[in-house]
Amino acid sequence: MYHYIFFDLDGTLTDSKEGVVNSVRYAAEKLGGPVPDDTTLLKFIGPPLQDSFMEYCGYDLEKALEAIRVFRERYTPIGQFENRPGPGLAELCRRLKERGYVLALASSKPEEMCVAICGRFGFTPSLAVITGSPPTAHSTKADLIRETMRRMAHTEADRHTVLMVGDRKFDVLGARACGIDCVGVEFFGYAPPGELEEAGAVAVVQTAEELEQFILTH
C-alpha cells in the first residue's frame with residue numbers, strides 16, 4: 001500500500017498554462033525569436049525549462065540559461081500569478097492527509113515559487129515537504145524526487161510505499177529512476193496522447209476523484 005504521495009506542481013496541482021506560455025513567448029521574443037508555435041509552447045509546461053529551451057528552441061546551453069533568466073523577468077512578477085488550482089485538488093490533499101497519508105511536493109519549478117504558489121492555493125497545510133529546483137543548479141526530476149525522499153528521511157525500504165503523481169513523462173521516468181511508481185494525470189491535457197502510458201505510468205486518471213480512488217485502493 002502507498003503511504004507517501006509526491007505531487008508535481010505545474011499541470012498537476014495547478015493549471016499554469018497562461019503564465020508559462022506567456023513567459024516563454026516573452027523570452028523568445030526578447031532573445032530575437034523565433035517564437036515556438038502554440039502547440040510547442042504547451043510542451044514547456046512541466047519539464048525543466050533548460051531542457052525545453054534546448055529541445056524546442058534549438059538553444060545551446062548558454063543561450064538556454066539566458067532564456068531562463070529572461071523568462072523569470074516576466075514570470076516572477078507576473079506569470080506565476082497567471083495560474084489556478086486544479087478543481088478539487090486542495091480538498092483531495094486535505095482528505096488524504098486526514099486519512100494518514102504523508103504528502104509532499106516534488107517540482108521542477110524554483111522552490112521559492114513552489115512555496116509561494118502552494119501557500120496561495122491552500123496546498124501548504126497538507127504538505128510535509130515542498131521541494132523545488134535550487135536557484136542555480138540544474139536538477140532532473142529524479143534529482144528532485146531523491147531530494148524529497150532525503151528530506152523525509154526515507155530508506156530503501158520505503159520506496160514501495162511512495163507514489164509520484166505527475167502529468168508528463170518526466171514525472172514517470174524520474175519516479176522509475178528512483179524505484180517508485182507514478183500515476184499519470186490528465187487534468188489539463190498537456191501530455192501528448194499516450195505519453196504517460198508509454199513512459200510506464202501505473203495508471204492514468206482524468207479527475208481528482210479518479211486519483212483519490214486509485215490511491216485509496218492501492
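Q: Which residue does the side chain of Arg95 meet in a salt bridge?
A: The partner is Glu212, with 2.8 Å from N to O. A salt bridge here is a side-chain nitrogen of Lys or Arg within 4 Å of a carboxyl oxygen of Asp or Glu.

Q: Where do Arg95 and Glu212 lie?
A: Arg95 is in helix H5 and Glu212 in helix H10, so the pair ties together parts 117 residues apart in sequence. Helices (H or I, at least four residues) and strands (E, at least two) are DSSP runs, numbered from the N terminus.

Q: What kind of model is this?
A: The model is predicted: local features need pLDDT of at least 70, side-chain atom pairs count only at pLDDT 80 or more, and totals for chains, interfaces and linings use all residues. Residues are numbered from 1 along each chain as its sequence is written, and side-chain values use heavy atoms, with hydrogens and water left out.

Q: Back to the pair. Is Glu212 buried or exposed?
A: Glu212 is buried, at a relative accessible area of 12%. Buried means under 20% relative accessible area, exposed over 50%, and partly exposed in between (1.4 Å probe, protein chains only). Arg95 is partly exposed at 33%.

Q: Which residues of H5 are buried?
A: In H5 (residues 89-98), the buried ones are Leu89, Ala90, Leu92, Cys93 and Leu96. Seen down the helix axis, they fall within an arc of 160°, so they line one face of H5. That arc is taken from the directions from the helix axis to the C-beta atoms.

Q: What covers them?
A: The cover includes strand E1 (4-7), strand E4 (102-110) and helix H10 (208-216).

Q: New topic. Where is Ala153, and what is its phi?
A: Ala153 is in the loop between helix H7 (141-151) and strand E6 (162-166). Its phi is positive, about 60°, although Ala153 is not a glycine. Most residues other than glycine have a negative phi, and most peptide bonds are trans. Ala153 counts as exposed, at 58% relative accessibility.

Q: Is the peptide bond from Gly33 to Pro34 cis or trans?
A: That bond is cis, with omega near -5°. Pro34 lies in the loop between helix H1 (17-30) and helix H2 (38-42).

Q: What about Ser139: which residues is it in contact with, leaving aside neighbours within four places in sequence?
A: Those are Pro48, Ser133, Pro134 and Leu144. Contact means heavy atoms within 4.5 Å. Ser139 is buried at 11% relative accessibility, and is in the loop between strand E5 (127-133) and H7.

Q: How many salt bridges does the structure hold?
A: The structure holds 17. Among the salt bridges, Lys30, Glu66, Arg69 and Glu73 are linked in a network.

Q: And how many helices and strands are in the chain?
A: The chain has 10 helices and eight strands. Its radius of gyration is 16 Å, close to the 17 Å that the globule rule gives for 218 residues, so the chain is as compact as a globular protein of that length. The radius is taken over C-alpha atoms, and the rule is 2.2 Å times the number of residues to the power 0.38. Of the 218 residues, 54% count as buried.
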